[in-house]
Amino acid sequence: MTESTTTGQPRHREALLREGLNQLFAHGYHGTTVDRLLEASGVPKGSFYHHFHSKEEFAAAVLERYGGFHYERLARWAAKPDLSTPDKLSGYFRELSQIFVDSGYLNTDLAGKFATEVTTTSDPLRAQVASIVTTWRVQLEQILAAGQANGDVRSDRDVSELSAAIHALMDGAFVVAASTRNRQSLESVAMAIRSLTIVV
Amino acid sequence: MSAQTRPAVSHKERLLRSGIRLLYANGYHGTTVDGLLADAGVPKGSFYHHFGSKQAFGFAALDRYDEAQAEVLRRWAGQEDLSVPARLAGYHREFIERFVASGWQRSCLAGKLSNELAAGSEPYRDRLAAGFELWKKEIAALLRQGQERGEVRIDESAESLADAVLAMIQGAFVAALSLQDLDYLNAVTRSLVDLVVVQP
């Protein structure tokens, strides 16, 4: 096999992205090194630079994939037929909370983690984080608008206001619980998501 | 300005001021003792005399941040001519003004360090958890007063509402670092009120 076919293997890209998510959760952007990533994923260095030109570009690709997980999960909750919209949204958050708790409070919100660590120093990553948050909010706003149309979401607030509040609640819940590891605080936030959206 | 022309500011004070600025800009791992000494114009011996280690210095910076933050909350909490939801909104708006005035750079130091350090450092996790728990306790005390005055809903405990309020405050700043969107922040202020206010 030639060097180029070895380094260009799609499974290497996949292994790097998967391991990248673990490393970034555990060590943050600055604490994640390409060498440690290669060691943990068993991928040769040439392959890394074949697929990604820099650590920054790699991190942006991990973020993009991470955003995709969220969009899919939210869509899955939105499609549940027997739940009210407020219950879909709090259910979605409870599922994320469970993943976070099960990971030993490591798998927090990666976009939020990047926001505090690198947005003041990297414009490409700041743009990538903003794009993920915005795409997610647009999706959430469609769900909220459908809820307003069928009468189970309060309609005296604009969906963009509600999406901002729900986003802040979720992201902040993980920021605080990453340190406090207080499971009850996550349940308080699930309650708040519900009570901010129900018809009053 | 040379060090000689500003004798009023002690070495310790200069280190704290420089350190908080550098922690915001570069994070904990990106802030080195040497970089701090150069920025503050203070000799190394002075750093070790006052703080002993980088970790102790980080704790002192967090103490300074927490005190400043608590002072703002206490000032708003004491405005008894305002309703409790209005005091919370005023408090949050002051936070937003400071953040925007910093060029969208200085969010919440505790939240920033929680994102960076909670996963990897037990001492920092414990220190940050204690800070968040105290912060939540002060918000809960204010909300309890609001419940007694008939201004804050009583169908949820003050502690549970305080979890959600603290999450929203933290999450809003995380999001604003990447979004730099004042509408988002204002929506969160309004939702803070919506969440806690007693229903008519």
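From the N terminus on, the elements of chain A run α-α-α-α-α-α-α-α-α-α, which amounts to ten helices and zero strands. Helices here are DSSP runs of H or I with at least four residues, strands are runs of E with at least two, and both are numbered from the N terminus. The model is predicted, so local features need pLDDT of at least 70 and side-chain atom pairs count only at pLDDT 80 or more, while totals for chains, interfaces and linings use all residues. Residues are numbered from 1 along each chain as its sequence is written, chains are lettered from A and ligands numbered from 1 in the order in which they are written, and side-chain values use heavy atoms, with hydrogens and water left out.

Along the principal axes, the C-alpha atoms of chain A fill a box of roughly 65 × 35 × 30 Å. Chain B has nine helices and zero strands, in the order α-α-α-α-α-α-α-α-α along the sequence. The C-alpha atoms of chain B fill a box of roughly 60 × 35 × 30 Å, again taken along the principal axes.

Within chain B, the helices α8(B) and α9(B) were examined as a pair. Two packed helices are described by the angle between their axes and the distance between the axes. The axes of α8(B) and α9(B) come within 10 Å and cross at roughly 170 degrees; axes are lines fitted to C-alpha atoms, for helices over the stretch in contact, and angles run from 0 to 180 degrees between N-to-C directions. The two helices, α8(B) and α9(B), are therefore roughly antiparallel to each other, a label given to angles over 145 degrees. Residues of α8(B) in contact (heavy atoms within 4.5 Å) with α9(B) include B:Leu161, B:Val165 and B:Met168, and those on the α9(B) side include B:Tyr184, B:Leu185 and B:Leu192. By class, this contact of α8(B) with α9(B) has 14 nonpolar, two polar and no charged residues. Ala, Val, Leu, Ile, Met, Phe, Trp, Tyr, Cys and Pro count as nonpolar, Asp, Glu, Lys and Arg as charged, and the others, Gly among them, as polar.

Between the chains, the contact takes 42 residues from chain B and 44 residues from chain A. The area buried between chain B and chain A is about 3700 Å², and carbon and sulfur atoms give 59% of it; buried area is the accessible area (1.4 Å probe) that two parts lose on being put together, summed over both. In chain B, B:Asn115, B:Ser178 and B:Tyr184 lose the most area to chain A, together 16% of what that side buries.

Three salt bridges are found across the interface of chain B and chain A, a salt bridge being a side-chain nitrogen of Lys or Arg within 4 Å of a carboxyl oxygen of Asp or Glu. B:Arg190 forms a salt bridge with A:Glu161, with the closest N and O atoms 3.1 Å apart. On the side of chain B that touches chain A, the elements giving two or more residues are α1 (11-26), α6 (109-117), α7 (122-148), α8 (158-179) and α9 (182-196) of chain B. The largest share of that side, 15 residues, comes from α8(B).

Definitions and conventions:
Angles under 35 degrees count as roughly parallel, over 145 as roughly antiparallel, 65 to 115 as roughly perpendicular and the rest as oblique.
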